Amino acid sequence: MKILVDTNVILDVLCNRPEFVEASSKVWKYCEVDQLEGYISALSVPNIVYILRKAVSYTHLRAHET
């Protein structure tokens, strides 16, 4: 089954939002094991980057660069 994954589902997992992370992680897992075919909007990528830049400190980001 093909699904459109909402940006908030991705952010729930990446930001570890307590009230939603469990359900959102299941969506990711189903996509990982090919039970779902997940897609995101092209606008999701810049929106996620913008939100994560606000949520994660610059120092933290620099420390994890490869």
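**Exercise 1. Salt bridges**

Task: Find how many salt bridges this predicted model holds, and say for Arg17 which partner it has.

Solution: 
- Step 1. Set the rule: a side-chain nitrogen of Lys or Arg must lie within 4 Å of a carboxyl oxygen of Asp or Glu.
- Step 2. Apply the rule to the model, and the count comes to two salt bridges.
- Step 3. Look at Arg17: its partner is Asp12, and the closest N and O atoms are 3.0 Å apart.
- Step 4. Turn to Lys29, whose side chain meets that of Glu32 with an N to O distance of 3.5 Å.

**Exercise 2. Buried or exposed?**

Task: Decide for Arg17, Asp12, Lys29 and Glu32 whether each is buried, partly exposed or exposed.

Solution: 
- Step 1. Recall the cut-offs: under 20% relative accessible area is buried, over 50% is exposed, and values in between are partly exposed.
- Step 2. Asp12 has a relative accessibility of 7%, so Asp12 is buried.
- Step 3. Arg17, the partner of Asp12, has 24% and is therefore partly exposed.
- Step 4. Lys29 comes to 46%, so Lys29 is partly exposed as well.
- Step 5. Glu32 reaches 59%, so Glu32 is exposed.

**Exercise 3. Around helix H1**

Task: Describe which residues of H1 are buried, what covers them, and what happens at the start of the helix.

Solution: 
- Step 1. Locate H1, which takes in residues 7–14.
- Step 2. List its buried residues: Thr7, Val9, Ile10, Leu11 and Asp12.
- Step 3. Look at what lies over them: the cover includes helix H2 (21–32) and helix H3 (44–55).
- Step 4. Go to the start of H1, where a side-chain oxygen of Asp6 comes to within 2.9 Å of the backbone nitrogen of Asn8.

**Exercise 4. Positive phi without glycine**

Task: Asn16 and Asp34 are not glycines, yet each has a positive phi; find where each one sits and how accessible each one is.

Solution: 
- Step 1. Begin with Asn16, whose phi is about 50°.
- Step 2. Follow the chain past H1: Asn16 is in the loop that leads from H1 to H2.
- Step 3. Check the surface of Asn16: with 52% relative accessibility, this residue is exposed.
- Step 4. Move on to Asp34, whose phi is about 60°.
- Step 5. Asp34 belongs to the loop between H2 and strand S2 (37–39).
- Step 6. Its relative accessible area is 70%, so Asp34 is exposed.

**Exercise 5. Cysteines and a leucine**

Task: Count the disulfides, classify Cys15 and Cys31, and then find which residues beyond its sequence neighbours Leu52 touches.

Solution: 
- Step 1. A disulfide needs two cysteine sulfur atoms within 2.5 Å, and the structure holds zero disulfides.
- Step 2. Cys15 has 28% relative accessibility, so Cys15 is partly exposed.
- Step 3. Cys31 has 22%, so Cys31 is partly exposed too.
- Step 4. Set aside neighbours within four places in sequence, and the contacts of Leu52 are Leu11, Leu14 and Cys15.
- Step 5. Take Leu14 from that list: Leu52 and Leu14 are 38 residues apart along the chain, while their C-alpha atoms are separated by 8.4 Å.

Conventions: Residues numbered from 1 in each chain as written. Predicted model: local features only at pLDDT ≥ 70, side-chain atom pairs only at ≥ 80, totals over all residues. Heavy atoms only, no water. Buried < 20%, exposed > 50% of the residue type's maximum accessible area, 1.4 Å probe, protein only. Helix = DSSP H or I, 4+ residues; strand = E, 2+ residues; numbered from the N terminus. Contact = heavy atoms within 4.5 Å. Polar contact = N/O pair within 3.5 Å; in protein donor to acceptor, adjacent residues only side chain to side chain.
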